[in-house]
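Thanks for making the time this morning.

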Amino acid sequence: MRYGFIAFFVLLLSGCATVNVPNVGEKGYAIEKDERRLFKRSEEVCEVIDSTDEVYDNKELEDYLNRLVKKLIPDTVPVENRNISVKVMNDPAFNAFALPNGRIYVNIGALSAVENEAQLATLFGHELTHVVNRHALRQFRSLQNKSAFMSLIDIPLGVVGGTAGMLLGRLGMLSSIYGYSQQQEFEADEMGFDAIVQLGYDAREAPKLFENLLKFIASEEVTEPFFFSTHPNVKARVKKFNDLLVSRNFQAHSGLIVDTPEFQNFAYEIYTVQIQLCLGKGMFKTAEKNYENLTKRYRDQPETFYLGGEIFRLRQDHDRHDKKRDKTPDYLTAKERYDQALEINADFAPAMVSKARILEKMGQRDEAKILFKKYLLLNPQAPDRPYIENFIKG
């Protein structure tokens, strides 16, 4: 953390620096001096982020995403410039962005909102275009109000405290508000669209990615996240893709690649992790949406119904909800879902102890004690054992 955050994007560019630079791999392409400094600062920030627990630890998922991104890299990009890499973040928000050095960060929240590999390729095709077309270099060179820009980022990493979430928030602000113009965003959309078509994906899935983002924004009443920036807004992005489908006659395409078994191999894990993250953030509507996705495909898993119960159990006393309201419906819904989990696996301990807690809240102490005792037999080292033993004795 010895590097100041101001070092990340301070280019100290001359007023005459041109923004008309060729894309990576095109004729005349060469790494610029200020661009090398931009890469260096990007690497420093990646080093900080990657050293925290904000990065989701699943090598197999990471490898899959990296293979997908590498397929999307244009053939014109030489081998030495294909060092694109992906990291997954432990964050339930629908966010993703690329740094100038080729590192793409994507949140669990974005992956959970993607319904198939065609939509996932759309997301990465967009971000990859920002890197290949050197949008960061072009936009920073065209930035007029450098003093305002610098005031945003003039915070040492030590002050940020090494918290990747806060750091990513600032990077997101830079990449969306200061990083890319409306023209560049549309360019990323269009070239990303072309990339997925060339790989054989069904292009009709592309606008659905943005429609899912609109649902996320509406469900949690949040402002538009930086993946799509404010240049233009999400509704304009949906229209852009639908216009591309019409103008290029891609509506006629059917039977193209929509999904792959490899994507589905990770779908269950992504949904369940997303629900857990949402519960920790109080994002119950988004958690419920992911629960619906789980029940469509994975009704044979006890964890599916257990997580459904957790949504209603944990939201009862959350700050987002009125503590004075009648909580009985939530209790009953949670209990019903725990029962569904236990029907699949009678010894599924998480559902067992959560159901016991619901029974305790409902005043059904004897039934709760029976479940608590069984739970302790299954988990003699349970961290909540002292509380449970006191309750059983009471």
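The confidence score here is pLDDT, the predictor's own confidence in each residue, on a scale from 0 to 100. This is a predicted model, in which local features need a pLDDT of at least 70 and side-chain atom pairs count only at 80 or more, while totals for chains, interfaces and linings use all residues. Residues are numbered from 1 along each chain as its sequence is written, and side-chain values use heavy atoms, with hydrogens and water left out.

The protein chain averages a pLDDT of 82, and 79% of its residues score at least 70. Confidence is highest in helix H2, residues 59–72, at a mean of 97, and lowest in helix H7, residues 157–160, at 41; helices here are DSSP runs of H or I, at least four residues, numbered from the N terminus. Over residues 172–179 the pLDDT is below 50. Where the score is low, the predicted coordinates should not be read in detail.

Now the interior. A nonpolar core is a set of buried Ala, Val, Leu, Ile, Met, Phe, Trp, Tyr and Cys residues joined through side-chain atoms within 4.5 Å, and buried means under 20% relative accessible area, with a 1.4 Å probe and protein chains only. The largest such core has 93 residues, and Leu65 and Phe124 are among those with the most contacts inside it, a contact being heavy atoms within 4.5 Å. Helix H12, residues 261–281, gives the most to this core, with eleven residues. A second, separate core of eight residues includes Cys46 and Met89, and Cys46 is buried at 3% relative accessible area.

Technical notes: Helices (H or I, at least four residues) and strands (E, at least two) are DSSP runs, numbered from the N terminus. Buried means under 20% relative accessible area, exposed over 50%, partly exposed in between (1.4 Å probe, protein chains only).
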